[in-house]
Amino acid sequence: MSHFETDAIRIASSKSNHKEHSAPLYLSSSFTFDSAEEARQMFADEIEGNIYSRYANPNSSDLIQKVCAAEGTEDGIATASGMAAMFGSIASLLQQGDHILASRSLFGSTHQLLTRVFPKWGITSTYGDISDTANWEKLVKPNTKMLFIETPSNPGLEIIDLEWAGKFAAAHNLILVVDNCFATPYLQQPAKWGAHIVTHSATKYIDGQGRVLGGLILGKQELIKEVQFFTRHTGPSISPFNAWILAKSMETLAVRMDRHCGNALKVAEYFEGNKEIEFVKYPFLPSHPQFELAKKQMSQGGGIITLTVKGGIQRAQRFIDGLQMISVTANLGDSRSIITHPASTTHSKLSEEERANVGITDGLVRLSVGLEHYEDIIQDVERALDTSK
Ligand SMILES: *Cc1c(COP(=O)(O)O)cnc(C)c1O
């Protein structure tokens, strides 16, 4: 099959002997062997099959196959959370003494991994400014082994040129890792541009309804083998239940993303025309500094908007408190619209200087545009802008 929607629905729906139409949930820690010889062969990797749910489970295998078809990657691993995927992709492929070159605008916990966790084991990182890629040559050291990027970034919505990143990684023999959480495979496929590893927080759009945590590490077979060895023996496995939910959600990713993107563009256009708004950023608004680049590598602009309301942090807080429908919570990619204040929540562990570097001002708010009718989202925002004056 070839179309995204068809593959996401029809590929890999495990069946038991009961001929159920919808994939069953396999709550089993281990799987039985027909004979001692079959057990030996499976442990020796001579034949394929399920052994133990820390290694693999039919539900996690379904999820991996669906997302691999969507991303155009060969193989993968599903993990308990997005951070387990970020950690696992780095910890399995690098070793003491290695160096990572990363884009500066990263998810808060990924930033903590690079600056505070991995240095404990002798893996160091340098950040590059993506508006200045011409100077990245100078940031490559003899021990640089990985290029780690996130595009669009959370919450700065910076767009990194994936074609450039693919070529740069190839020229310097670096493993290119792309966190594709914001775009999802429906809008952007980094492997097409040369990414060796694609990671996800499946908690966000892949779930899409704010129910379960999950992560994915996808890529070329030879690298995924290394990752599989690492996850098999360190145990960040996804639960079968979460994998089952996420595999089901893959079936509706395309229709959900179409609506998230359509709604977000309408809401972003509303903000752009409102004089109470100081600044609004959305990848598919022509005012986004990398609008052309976003259009080159993404099919639509995604569901996230960042903005600052005139009147600084106090006004931003009054604006958030004035919302009646939109939820105030730290998640994103949910069917329900969500507002977050990154400086005091998701990115509060960064120093003020670190936040300034990645464009998180005190007044910045992140809006994850949900699947409600866009007129109701705009009405809620409009009322909160009015009452917060
Ligand atoms: C949320 C998020 C993560 C972390 O994922 P969890 O599932 O919360 O562990 C990593 N990267 C990005 C871009 C995210 O938005």
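**Sheets, helix packing and local backbone geometry**

Asp380 is buried, with a relative accessible area of 0%; buried means under 20% relative accessible area, exposed over 50%, and partly exposed in between, for a 1.4 Å probe and protein chains only. The model is predicted, so local features need pLDDT of at least 70 and side-chain atom pairs count only at pLDDT 80 or more, while totals for chains, interfaces and linings use all residues. Residues are numbered from 1 along each chain as its sequence is written, and side-chain values use heavy atoms, with hydrogens and water left out.

Asp380 belongs to helix H14. Helices (H or I, at least four residues) and strands (E, at least two) are DSSP runs, numbered from the N terminus. Neighbours within four places in sequence set aside, Asp380 is in contact with Leu323, Gln324, Met325 and Ile326. Contact means heavy atoms within 4.5 Å.

Helix H14 also packs against another helix. Two packed helices are described by the angle between their axes and the distance between the axes. For helix H10 (residues 253-272) and helix H14 (residues 374-387), the angle is about 30° and the axes are 10 Å apart. Axes are lines fitted to C-alpha atoms, for helices over the stretch in contact, and angles run from 0 to 180 degrees between N-to-C directions. H10 and H14 are therefore roughly parallel to each other. Angles under 35 degrees count as roughly parallel, over 145 as roughly antiparallel, 65 to 115 as roughly perpendicular and the rest as oblique. From H10, the contact draws on Asn263, Lys266, Val267, Tyr270 and Phe271. From H14, it draws on Tyr374, Ile377, Ile378, Val381, Glu382 and Leu385. The residues of this contact comprise eight nonpolar, one polar and two charged. Here Ala, Val, Leu, Ile, Met, Phe, Trp, Tyr, Cys and Pro count as nonpolar, Asp, Glu, Lys and Arg as charged, and the others, Gly among them, as polar.

Strands of a sheet pair through backbone hydrogen bonds, either parallel or antiparallel. Two strands are taken as paired if DSSP finds at least two bridges between them. Seven strands form an open sheet of mixed pairing, in the order E1-E7-E6-E5-E4-E2-E3. Strand E1 (75-79) and strand E3 (124-128) stand at the edges with a single partner strand each, so one side of each is left without a neighbour in the sheet. On average, neighbouring strands of this sheet are turned by 20° against each other, direction ignored.

Within this sheet, strand E4 (residues 144-150) and strand E5 (residues 175-179) run parallel and are joined by five bridges. Ile149 has Val178 of E5 as its bridge partner, and Glu150 has Asp179 of E5. Five of the five residues of E5 are buried, so E5 is largely enclosed by the rest of the structure. In a regular strand the side chains alternate between the two faces of the sheet. Both faces of E5 are covered: Ile175, Val177 and Asp179 are buried on one side, Leu176 and Val178 on the other.

Helix H4 (residues 82-93) lies across E1, strand E2 (99-103), E4, E5, strand E6 (197-201) and strand E7 (215-219). H4 runs at about 155° to E6. Helix H6 (residues 162-171) touches E2, E4 and E5, and its direction makes about 170° with that of E4.

Another open sheet has five strands in the order E8-E9-E12-E11-E10, with mixed pairing. Strand E8 (277-281) and strand E10 (327-328) stand at its edges, each with a single partner strand, so one side of each is left without a neighbour in the sheet. Strand E9 (residues 304-309) pairs with strand E12 (residues 364-368) in the antiparallel sense over five bridges. Ile304 stands opposite Ser368 in E12.

Backbone geometry was examined next. The Thr151 to Pro152 peptide bond is cis, with omega near -10°. The Asn154 to Pro155 bond is cis, with omega near 0°. Asp45, not a glycine, has a positive phi of about 65°. It sits in the loop between helix H2 (36-43) and helix H3 (58-71) and is exposed, with a relative accessible area of 64%. Asn173, also not a glycine, has a positive phi of about 60°. Asn173 lies in the loop between H6 and E5 and counts as exposed at 69% relative accessibility.
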